[in-house]
Amino acid sequence: MRKQPRRTSRFSQVFALLALTTITGLALTATSAGAAGVRFGFVDTVASWFGGGATVNVVAEPQPTPESEAPSAGSPVAMSSQPGLSYTENFADIANWTNNFATGIGTGPFSSVAVATAGTIPDPGTTTIATTIFNTGTSGGVQRGSSTGNPAGTIVLLATGATSNTNASAFDFSMNYSGVNAGTLSFDWTRVNNSTGDRGGSLRVYSSPDGTTFTELATAAVNNIINNGGTASGSITTVALPATFNNSATARLRFYYFNGTTTGTTGSRPKISIDNLTVTATRAPVVS
């Protein structure tokens, strides 16, 4: 006698499906080109299953478009995952950034630079003010753009002192170029007048593939900003980043501000604010 195929009851099918979706969070996803990226959700009530001839209905629920994620605190920008291989920090949330770049939207790739006095200013390894704390007013170091007198939505540096080349502070910006090559650096800068006087300050930008060896990006420098005079603002655009960044997971830029090289005659040094910091990458050439 031939064995009849076993039939699964409607009730066991329902309970098995409900258990599977409850335990695993199962979601059905369309695989056709016309329905790609659409998840299906069950909308029948349990009662409809028990009515004769009930069918399972589904509705298409649009899914959010994938977006590149901002780096989490203490992590470099993953350049290979950025839209158009470009990342911009506009410091819109800097009012909420906490000391040592610990929290706040956009702080992830930034880090403080400690005091190190072994060399001679200007030198990327020589600083006199740590940037672990956001200062205010006429105190040197790093400041938020939200502080009184500073341009909103920017990051600000100040180096003080009557004698040139005696005071410097810096912060670092980290990038992960794994799988891609170096692109360019761009940013906007503005002089922030600091009380009275006509002394000067200068910004240097250094690159490092490993956080240890630094090389100046000479065309990214902003030299001899004069307090209460001279050029008030400008833009550094599409400065080529070094080939040492290619496929480097530990690429780093150091923004270094010091009290030189123009001494002036009296008064205070200017601050500098930085905004719209943009870095790009390029696809590595395919070797056939």
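User: Let's start with Phe187. Leaving aside its neighbours within four places in sequence, which residues is Phe187 in contact with?

Analyst: This is a predicted model, so read it as such. Setting aside neighbours within four places in sequence, Phe187 is in contact with Leu203, Val205, Ala220, Val222, Ser235, Ile236, Phe255, Ile274, Asp275, Asn276 and Leu277.

User: And how do I read a nonpolar core here? Which residues of the largest one touch the most other members?

Analyst: The idea is to follow buried nonpolar residues joined through side-chain atoms within 4.5 Å. Here the largest nonpolar core has 42 residues, and those touching the most other members are Met175, Tyr177, Leu185, Phe187, Leu253, Phe255 and Val279.

User: Which strands each supply at least two residues of this core?

Analyst: They are β9 (155-158), β10 (168-176), β11 (180-192), β12 (200-208), β14 (222-226), β15 (233-240), β16 (251-258) and β17 (271-283). Apart from that core lies another one, of eight residues, including Ile121, Ala170, Tyr206 and Phe214.

User: On to the aromatics. How many aromatic pairs are there?

Analyst: Rings pair if their centres lie within 6.5 Å. On that basis the count is 15 aromatic pairs. Take Phe101 and Phe110: the ring centres are 5.9 Å apart and the planes sit at 20°, so this pair is stacked.

User: Are those two buried or exposed?

Analyst: Buried means under 20% relative accessible area. Phe101 comes in at 3%, so it counts as buried, and Phe110, also at 3%, counts as buried.

User: Why is the pair of Tyr256 and Phe258 tilted?

Analyst: Look at the angle, since planes under 30 degrees apart count as stacked and over 60 as edge-to-face, with the rest tilted. For Tyr256 and Phe258 the planes are at 45°, with centres 6.1 Å apart, so the pair is tilted. Tyr256 is buried at 0% relative accessible area, and Phe258 counts as buried at 0% as well.

User: Which residues do ring pairs link into a cluster?

Analyst: Tyr87, Phe91, Trp97, Phe101, Phe110, Phe134, Phe171, Phe173, Phe187 and Phe255. You've met Phe187 and Phe255 already, among the core residues that touch the most other members.

User: What does the side chain of Ser202 reach?

Analyst: The side chain of Ser202 reaches the backbone nitrogen of Thr261 at 3.5 Å. Beyond neighbours within four places in sequence, Ser202 is in contact with Val222, Asn223, Asn224, Tyr256, Tyr257, Phe258, Gly260 and Thr261.

Note on methods: Residues are numbered from 1 along each chain as its sequence is written. This is a predicted model: local features need pLDDT of at least 70, side-chain atom pairs count only at pLDDT 80 or more; totals for chains, interfaces and linings use all residues. Side-chain values use heavy atoms; hydrogens and water are left out. Rings of Phe, Tyr and Trp (its six-membered ring) pair if their centres lie within 6.5 Å; planes under 30 degrees apart count as stacked, over 60 as edge-to-face and the rest as tilted. Buried means under 20% relative accessible area, exposed over 50%, partly exposed in between (1.4 Å probe, protein chains only). Helices (H or I, at least four residues) and strands (E, at least two) are DSSP runs, numbered from the N terminus. Contact means heavy atoms within 4.5 Å. A polar contact is a pair of N or O atoms within 3.5 Å; within protein, one must be able to donate a hydrogen and the other to accept it, and residues adjacent in sequence count only if both atoms are side-chain atoms.
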